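Here are some notes to read alongside the structure.

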Amino acid sequence: MKPVIPIDKSEILKRYKPIYAKTHKGIQGHALIIGGSYGKIGAVTLSSRACLKTGCGLVTVFIPRCGYKIVQSAYPEVMVLTDISVKYITRIVFDFVPQAIGIGPGIGQDIETHTALHRFVKTNEIPLVIDADALNILSQNKQWMSFLPEKTILTPHQKELERLIGKWDSDAEKIEKTIAFSKQNNLVIVMKGAPTKIFDGDTIYENTTGNAALATAGTGDVLTGMITSLLAQSYEPIDAAIIGVYLHGLTADIALPETGYQAFLASDSIDHIGKAYLSLG
Ligand SMILES: NC(=O)C1=CN([C@@H]2O[C@H](COP(=O)(O)OP(=O)(O)OC[C@H]3O[C@@H](n4cnc5c(N)ncnc54)[C@H](O)[C@@H]3O)[C@@H](O)[C@H]2O)[C@@H](O)CC1
Ligand SMILES: Nc1ncnc2c1ncn2[C@@H]1O[C@H](COP(=O)(O)OP(=O)(O)O)[C@@H](O)[C@H]1O
Ligand SMILES: [Mg+2]
């Protein structure tokens, strides 16, 4: 097996592109975040704010109708498109071309959402990040994997990973199965945990930032927004995954002296994205 590559500051500086002084929102990338369902609009709200705070120029969310006022009043900077259905996503339609799409936070597993996801993956060619319940739906329909754009980024936590690749008996077997899954389907796998590992075939990266403060609701939704943002800003999928995971962990390291482990919230992660960027110099 190849040596595991640590994701540290030097690895990030090889990939990070500082902002061009004459840039404008029209070339900073337009990201689309698709997700939310009745009671889980918070997931896509967090994701969309994290996406903006990570630097892309425009962010639109596609959500069920029940989330319209929630997202619009929480974050006026985010644009909102709604499904025809009130509580779940049933048909994904949008009238612009995003540079990247993040799908899954809070999307739920209604049967009509399965159909909507199937229709979406069959036709979508835009760089993609898949998380949460969209991963769980994909796990139940593994034949859809062949529709995904190459190097689509999947961000499973351990349970979601198990649903995707099946159970393992040891850490070594988990790694082997994840490499095989990444290779077979030509995917970037962000295996979330402590620490998070990223698989690009048999090349494995291991994050050096982050701490137990991140063990709280919505931090994964934040990560999805951050990686989608970087993808929309024209980073290669592997670079978007690596920089996203590093900055996300760093938000918790920077916040820790202020919040301690217990009082840290996913929103604190978003609030510290700026300082995480500044630490890159
Ligand atoms: N405010 C919100 O609206 C929130 C919505 N969420 C959404 O809720 C839906 C369900 O997601 P969940 O992940 O909670 O549910 P899942 O059922 O997918 O996963 C949680 C289960 O996995 C187990 N597990 C094992 N190892 C784990 C690990 N390392 N990390 C996390 N869980 C591990 C947990 O104990 C639990 O049984 C998703 O669509 C998600 O986006 C969550 O993100 C929480 C916040
Ligand atoms: N003990 C820990 N140390 C470091 N990172 C952690 C720890 N616990 C959770 N995380 C990170 O927090 C995030 C949790 O994601 P996820 O389980 O999808 O949360 P949610 O679905 O609630 O948004 C992942 O990025 C994971 O790596
Ligand atoms: Mg999650």
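**Notes on the model**

1. Asn186 is partly exposed, as 15 other C-beta atoms lie within 10 Å of its own. For burial, C-beta atoms are placed from the backbone: a residue is buried if 20 or more others lie within 10 Å of its own, exposed if 12 or fewer, and partly exposed in between. Asn186 sits in the loop between helix H7 (171-185) and strand E8, and has a positive phi of about 55° although it is not a glycine. Helices (H or I, at least four residues) and strands (E, at least two) are DSSP runs, numbered from the N terminus.

2. A word on what you are looking at: this is a predicted model, in which local features need pLDDT of at least 70 and side-chain atom pairs count only at pLDDT 80 or more, while totals for chains, interfaces and linings use all residues. Residues are numbered from 1 along each chain as its sequence is written, with chains lettered from A and ligands numbered from 1 in the order in which they are written.

3. Which residues come nearest to ligand 1? Of the 18 residues around the ligand, they are Gly42, Ala43, Ala132, His157 and Lys159; a residue is near if its C-beta atom, placed from the backbone, lies within 6 Å. Helices H2 (41-53), H5 (132-139), H6 (158-165) and H8 (219-232) each give two or more residues to this shell. By type, the shell holds 5 nonpolar, 8 polar and 5 charged residues. Here Ala, Val, Leu, Ile, Met, Phe, Trp, Tyr, Cys and Pro count as nonpolar, Asp, Glu, Lys and Arg as charged, and the others, Gly among them, as polar.

4. Most residues other than glycine have a negative phi. Ala132 is also buried, with 25 other C-beta atoms within 10 Å.

5. Helix H8 is mostly covered, with 14 of its 14 residues buried. Its end C-alpha atoms are 20 Å apart, which agrees with the 20 Å that its 14 residues should span at 1.5 Å a residue; the expected span is 1.5 Å times one less than the number of residues. Just after H8, Ser234 takes a positive phi of about 75°.

6. The loop between strands E8 (188-191) and E9 (197-200) contains Pro195, and the peptide bond from Ala194 to Pro195 is cis, with omega near 5°. Most peptide bonds are trans. Is Ala194 buried or exposed? Ala194 is exposed, with 11 other C-beta atoms within 10 Å. Thr196, found in this E8 to E9 loop, counts as buried, with 24 C-beta neighbours inside 10 Å. Leaving aside neighbours within four places in sequence, Thr196 is in contact (C-beta atoms, placed from the backbone, within 7 Å) with Val190, Met191, Asn207, Gly210 and Val245.

7. An unreviewed UniProt entry carries a "binding site" annotation covering Lys192, Gly193, Ala194, Pro195, Thr196 and Gly220. They are spread over 29 residues of sequence yet cluster in space, with a largest C-alpha distance of 13.5 Å. UniProt positions follow the numbering used here, feature names are shortened, and annotations may be inferred rather than shown by experiment.

Terms used: Contact = placed C-beta atoms within 7 Å.
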